[in-house]
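Below are some notes for a colleague who is opening this entry for the first time.

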Amino acid sequence: MKPEIVPAAAWPDRVALLLADRLEAKPDLVVCLPTGATPLPVYRRLPATLLDRRVSMARATVVMLDEYLGLPSGHPARCDSQLRSFLLDQLDPRPGGFVGFDVDGPDPAAACVAFDAAVTAVGGLDLVVLGLGRNGHVGMNEPGSAGDAPTRVVRLAPSTRASAIGYGADPPPTHGVTLGMAGILAAREIWLLATGAPKAEILHRALDGPVTPEVPASLLRHHSGLTVITDDIAATGGSPRSD
Ligand code: PGA
């Protein structure tokens, strides 16, 4: 599996332009978007890119990838808060549709069932955009997640909890809900994003190591619509390419 390797300085523009392409081809795109550090530079670019390209997300539906359990509504580390403040609130017009997880109700498992039903009701996922966890997770599908893992409540791995502290949740949540591997693999197209030296080793394992639930991102290689878009630093193990 060969990734598309983009110089780090050009990487956010490249991903934003690709998203604009997809929206031009299908204005009612149903797109599942990640939170975390990786997509932030793309989200910063996207409003201007969409304006330049004269496309909008007015008819698109944004679907959440995952969410923490136990953080109050509006907590800045919550995935829905991150997505709203870093992307949705910056877009004019805002995306016409939104599918999230109702994690403020009493039954997170029921929220997962409702989430899947809502995704089906909008016609299924055209595109899932994923960051790559340092432990190989995608969404909150932690190591040990099989390809048929459903949308579900998950216990978070230690490195995922450490990341949550970095986003401002201290103490970090112990559990979350996530679109399952099955739902990711059912999307028509998948983009796996990875940037920076800390992702180099796990990216290499995901792309060139064994296909195994121990590295959930490796399972994406079974999908014919997978595109891996990485910066040159993650792709080369820490040093920018000189060519
Ligand atoms: P990051 O997280 O983008 O903040 O590195 C990715 C992930 O853990 O899925």
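The points below take the ligand, then the pockets, then the cavity.

1. The model is predicted. Every value that follows is computed from it and should be read with that in mind.

2. At T38 an N or O atom of the side chain is 2.5 Å from an oxygen atom of the ligand. Y167 also contributes through its side chain, with a polar atom 2.4 Å from a ligand oxygen. The ligand taken alone exposes 290 Å², and the protein buries 82% of that area.

3. Where does the ligand sit among the pockets? The space that the ligand takes is the largest pocket. This pocket has a volume of about 520 Å³. Its lining comprises 25 residues, of which G36, H137, S163, Y167 and K199 are closest to the centre.

4. The lining of the largest pocket draws at least two residues each from β4 (66-68) and α5 (158-166). The helix α5 gives the most, with three residues. By class, the lining holds 10 nonpolar, 12 polar and three charged residues.

5. The second largest pocket holds about 150 Å³ of space. Its lining is made up of M1, P3, I5, A200, L203, H204, L207, D208, A234, A235, T236 and G237. The most come from α7, with five. Eight of the lining residues are nonpolar, three are polar and one is charged.

6. How many cavities of 30 Å³ or more are there? The count is one, and the volume of the largest cavity is about 30 Å³. Around the largest cavity are V15, L19, L33, P39, V42, Y43, V129 and L193. At least two residues of this lining come from α1 (11-25), and at least two from α2 (40-53). The lining has eight nonpolar residues, with no polar and no charged ones.

How values were computed: Residues are numbered from 1 along each chain as its sequence is written. This is a predicted model: local features need pLDDT of at least 70, side-chain atom pairs count only at pLDDT 80 or more; totals for chains, interfaces and linings use all residues. Side-chain values use heavy atoms; hydrogens and water are left out. A polar contact is a pair of N or O atoms within 3.5 Å; within protein, one must be able to donate a hydrogen and the other to accept it, and residues adjacent in sequence count only if both atoms are side-chain atoms. Accessible areas come from the Shrake-Rupley method with a 1.4 Å probe; for residues, only the protein chains shown count as cover. On a 1 Å grid over the protein atoms alone, a cavity is a set of points where a 1.4 Å probe fits but cannot get out, and a pocket is an open set with protein on both sides within 12 Å along at least five of seven lines; lining residues have an atom within 4 Å of a point. A molecule sits in a cavity or pocket if more than half of its atoms lie within 2 Å of its grid points. Grid points are joined across faces, edges and corners, and a volume is the space filled by probe spheres set on the points. Helices (H or I, at least four residues) and strands (E, at least two) are DSSP runs, numbered from the N terminus. Ala, Val, Leu, Ile, Met, Phe, Trp, Tyr, Cys and Pro count as nonpolar, Asp, Glu, Lys and Arg as charged, and the others, Gly among them, as polar.
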